[in-house]
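I would ask you to look at the model on the screen while I describe how its parts meet.

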Amino acid sequence: MYKTRLDYMKQYGAKATIVSETFFENERRGRTPNQIRAELITDEYVSANMLDRYTRTYQNTKSKIGWL
């Protein structure tokens with residue numbers, strides 16, 4: 001389990017941490033994964049090439065993120 005943001009960041013990097021936080025916050029607001037992914041690309045948080053990687057990282061670790 002990643003109890004702090006820093007623990008997660010050490011493992012996956014700053015960009016993956018920001019994307020994971022964005023996914024988490026938007027899921028709580030009721031947005032779908034496709035809506036979130038579209039926003040990440042539109043707002044230029046991530047490139048299209050890296051979006052799948054960051055999405056998979058979040059999906060695989062979201063149950064282990066303790067600080068959110």
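Let me begin with a definition: a residue is called buried under 20% relative accessible area, exposed over 50%, and partly exposed in between, with a 1.4 Å probe and protein chains only. Asp52 has a relative accessible area of 41%, so Asp52 is partly exposed.

Two remarks on the source are needed. This is a predicted model, in which local features need pLDDT of at least 70 and side-chain atom pairs count only at pLDDT 80 or more, while totals for chains, interfaces and linings use all residues. Residues are numbered from 1 along each chain as its sequence is written, and side-chain values use heavy atoms, with hydrogens and water left out.

I turn now to the salt bridges. The term denotes a side-chain nitrogen of Lys or Arg within 4 Å of a carboxyl oxygen of Asp or Glu. How many salt bridges does the structure hold? There are four, and I shall discuss some of them.

Asp52 is joined by a salt bridge to Arg37, at 2.8 Å from N to O. This pair connects distant parts of the chain, since Arg37 belongs to helix α3 and Asp52 to helix α4, 15 residues apart. Helices here are DSSP runs of H or I with at least four residues, strands are runs of E with at least two, and both are numbered from the N terminus. Arg37 has a relative accessible area of 22% and is therefore partly exposed.

Glu39 and Arg31 also form a salt bridge, with an N to O distance of 2.2 Å. Glu39 is partly exposed because its relative accessible area is 22%, and Arg31, at 29%, counts as partly exposed.

In a further salt bridge, the closest N and O atoms of Lys62 and Glu27 are 3.8 Å apart. Here too distant parts of the chain are linked: Lys62 is in the segment after α4 and Glu27 in helix α2, 35 residues apart. Lys62 is partly exposed at 35% relative accessibility, and Glu27 is partly exposed at 25%.

Next, the helix packing. Helix α3 covers residues 33–42 and helix α4 residues 48–61; their axes come within 10 Å and cross at roughly 140°. Axes are lines fitted to C-alpha atoms, for helices over the stretch in contact, and angles run from 0 to 180 degrees between N-to-C directions. Angles under 35 degrees count as roughly parallel, over 145 as roughly antiparallel, 65 to 115 as roughly perpendicular, and the rest as oblique. The helices α3 and α4 are therefore oblique to each other.

Which residues of α3 and α4 meet? Arg37, Leu40 and Ile41 in α3 touch Ala48, Leu51, Asp52 and Thr55 in α4, where contact means heavy atoms within 4.5 Å.

The axes of α2 and α4 come within 9 Å and cross at roughly 65°. From α2, the contact involves Lys15, Ala16, Val19, Ser20, Phe23, Phe24 and Glu27; from α4, it involves Tyr54, Thr55, Tyr58 and Gln59.

Finally, consider Ser20, which lies in helix α2, residues 14–28. Is Ser20 buried or exposed? Its relative accessibility is 0%, so Ser20 counts as buried. Apart from neighbours within four places in sequence, Ser20 is in contact with Tyr8, Tyr58, Ile65 and Leu68.
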